[in-house]
Amino acid sequence: MNDLEVVATITAKPDAIDTVRDGLVALVAESRKESGNVSYKLFESAVEPGTFITIEVWKSQKDLDGHMQTPHLQQALSEFGAHLAAPPAIHPLRPVG
């Protein structure tokens, strides 16, 4: 079975960029410890500050589903959710070609 690759886009409100960035850094650190996680990288757009991208690799859909229910993810969403310009856009990917 192939690993599951996921891209998520998280956009902070202009006055909350540091709050969201700090929350995501903490979230990434905890997410990397999950048993089904292969890789979890966090980036910030060089042209749109406050637009964050995660590139994640999970061993399976079950592992991603489990991640979505973890206390650290739920806590992060509740703590900085009000600081987001829009809900996170989460995209599990499938290969083309």
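Leaving aside neighbours within four places in sequence, L27 is in contact with Y40, H72, L73 and A76. The model described here is predicted. L27 is placed in helix α1. With a relative accessibility of 7%, L27 counts as buried, because buried means under 20% relative accessible area. One of its contacts, L73, is 46 residues away from L27 in sequence, yet the two C-alpha atoms are 6.6 Å apart in space.

### The largest pocket

Several elements give two or more residues to the lining: β1 (4–11), α1, β3 (51–58), α2 (61–68) and α3 (71–80). By residue class, the lining of the largest pocket divides into 12 nonpolar, 2 polar and 1 charged.

### Y40 and the aromatic pair

How many aromatic pairs does the structure hold? There is 1 aromatic pair in the structure. Its members are Y40 and W58, in an edge-to-face arrangement with 6.2 Å from centre to centre and 90 degrees between the planes. The pair links distant parts of the chain, with Y40 in strand β2 (residues 37–44) and W58 in strand β3, 18 residues apart. Y40 counts as buried at 4% relative accessibility. W58 is buried as well, with a relative accessible area of 0%.

S31 is another residue of helix α1. Is S31 buried or exposed? At 0% relative accessibility, S31 counts as buried. Not counting residues up to four places away in sequence, S31 touches N37, Y40, W58, H67 and H72. Both members of the aromatic pair, Y40 and W58, are thus on the contact list of S31.

A29 also lies in helix α1, which spans residues 17–31. Its relative accessibility is 38%, and A29 counts as partly exposed. A29 is 21 residues from A8 in sequence, and 16 Å separates the two in space, C-alpha to C-alpha.

### From the loop into strand β2

G36 lies in the loop between α1 and β2. This glycine is buried, with a relative accessible area of 5%. Apart from residues up to four places away in sequence, G36 touches V57, W58, K59 and D63. A85 is 49 residues from G36 along the chain, and their C-alpha atoms are separated by 29 Å.

V38 is found in strand β2. At 44% relative accessibility, V38 counts as partly exposed. What does V38 touch, not counting residues up to four places away in sequence? The residues are D3, V57, W58 and K59. V57, W58 and K59 are also among the residues that G36 touches. D63, another contact of G36, is 25 residues from V38 along the chain, with 10 Å between the C-alpha atoms.

### T54 in strand β3

T54 has its place in strand β3. T54 is buried, and its relative accessible area is 3%. Its side chain is joined to that of E56 by a polar contact of 2.8 Å. Leaving out residues up to four places away in sequence, T54 touches V6, V7, A8, I10, Y40, K41 and L42. That list includes Y40, which is also in contact with L27 and touched by S31.

### C-alpha separations

| Pair | Along the chain | C-alpha to C-alpha |
|---|---|---|
| L27 and L73 | 46 residues | 6.6 Å |
| V38 and D63 | 25 residues | 10 Å |
| A29 and A8 | 21 residues | 16 Å |
| G36 and A85 | 49 residues | 29 Å |

Key
Residues numbered from 1 in each chain as written. Predicted model: local features only at pLDDT ≥ 70, side-chain atom pairs only at ≥ 80, totals over all residues. Heavy atoms only, no water. Helix = DSSP H or I, 4+ residues; strand = E, 2+ residues; numbered from the N terminus. Buried < 20%, exposed > 50% of the residue type's maximum accessible area, 1.4 Å probe, protein only. Nonpolar A, V, L, I, M, F, W, Y, C, P; charged D, E, K, R; others polar. Polar contact = N/O pair within 3.5 Å; in protein donor to acceptor, adjacent residues only side chain to side chain. Contact = heavy atoms within 4.5 Å. Phe/Tyr/Trp six-rings, centres within 6.5 Å; stacked < 30°, edge-to-face > 60°.
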